[in-house]
Amino acid sequence: MVRQIETDYDKRFLKEKRKFNRKCSSIDEDFKRFEKALKVDIADNNYQVPLDNKKYSKISGLDSNVTLPAFVAKVFYCKKMNKGSKSGFRITFIYNTSTRSIYFVEFYFKQKNEIENKERINRLFK
């Protein structure tokens, strides 16, 4: 039996996602669809990294104590915004290959934050 991919969420991530519910009222449903697609993409890659492709980019420039790969998802479909997968939402996450788990770190809007908060990821490993 293949072990499922587990997920966990940073408290700030959940708060940010709730905040964006005003901008995109279908955000919860859209995120569930995204999460399911991410798990399929990881499984299709034999549960290994790198996931570097058009949808996900590995985050570089992190501290040396960051021992797990961190990624930013650039493709997020928001049904209510009617912009397709180029909605402007970004999701950062860490994937642990040994435990097959995803930890969602940050949920942001590209027009507000140009890039991910690397310091937030660095603090998780201190």
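Leaving aside its neighbours within four places in sequence, Glu-35 touches Thr-7, Tyr-9 and Phe-104, where contact means heavy atoms within 4.5 Å. The model is a predicted one, in which local features need pLDDT of at least 70 and side-chain atom pairs count only at pLDDT 80 or more, while totals for chains, interfaces and linings use all residues. Residues are numbered from 1 along each chain as its sequence is written, and side-chain values use heavy atoms, with hydrogens and water left out.

Glu-35 sits in helix α2. Helices (H or I, at least four residues) and strands (E, at least two) are DSSP runs, numbered from the N terminus. Glu-35 is buried, a word that stands for under 20% relative accessible area, with a 1.4 Å probe and protein chains only.

In β5, Thr-7 has Ile-102 as its bridge partner. Strands β1 and β5 (residues 101-109) pair in the parallel sense over 4 bridges; two strands pair if DSSP finds at least two bridges between them. The open sheet holds 5 strands in the order β1-β5-β4-β3-β2, with mixed pairing. Because β1 (6-9) and β2 (56-58) stand at the edges with a single partner strand each, one side of each has no neighbour in the sheet.

What else does helix α2 hold? Another of its residues is Phe-31, which is buried with a relative accessible area of 3%. Again leaving aside neighbours within four places in sequence, Phe-31 is in contact with Tyr-9, Phe-13, Lys-17, Phe-76, Ile-91, Phe-104 and Phe-107. Phe-31 and Cys-78 are 47 residues apart in sequence, yet their C-alpha atoms are 8.5 Å apart in space.

Finally, step back to the whole protein chain. It has 3 helices and 5 strands, and from the N terminus on the elements run β-α-α-β-β-β-β-α. Of its 126 residues, 40% count as buried. Among contacts in the protein chain with a separation of 6 or more, 54% come from residues 24 or more positions apart.

Notes: Buried means under 20% relative accessible area, exposed over 50%, partly exposed in between (1.4 Å probe, protein chains only). Lys and Arg count as positive and Asp and Glu as negative; His and the chain ends are not counted. A salt bridge is a side-chain nitrogen of Lys or Arg within 4 Å of a carboxyl oxygen of Asp or Glu.
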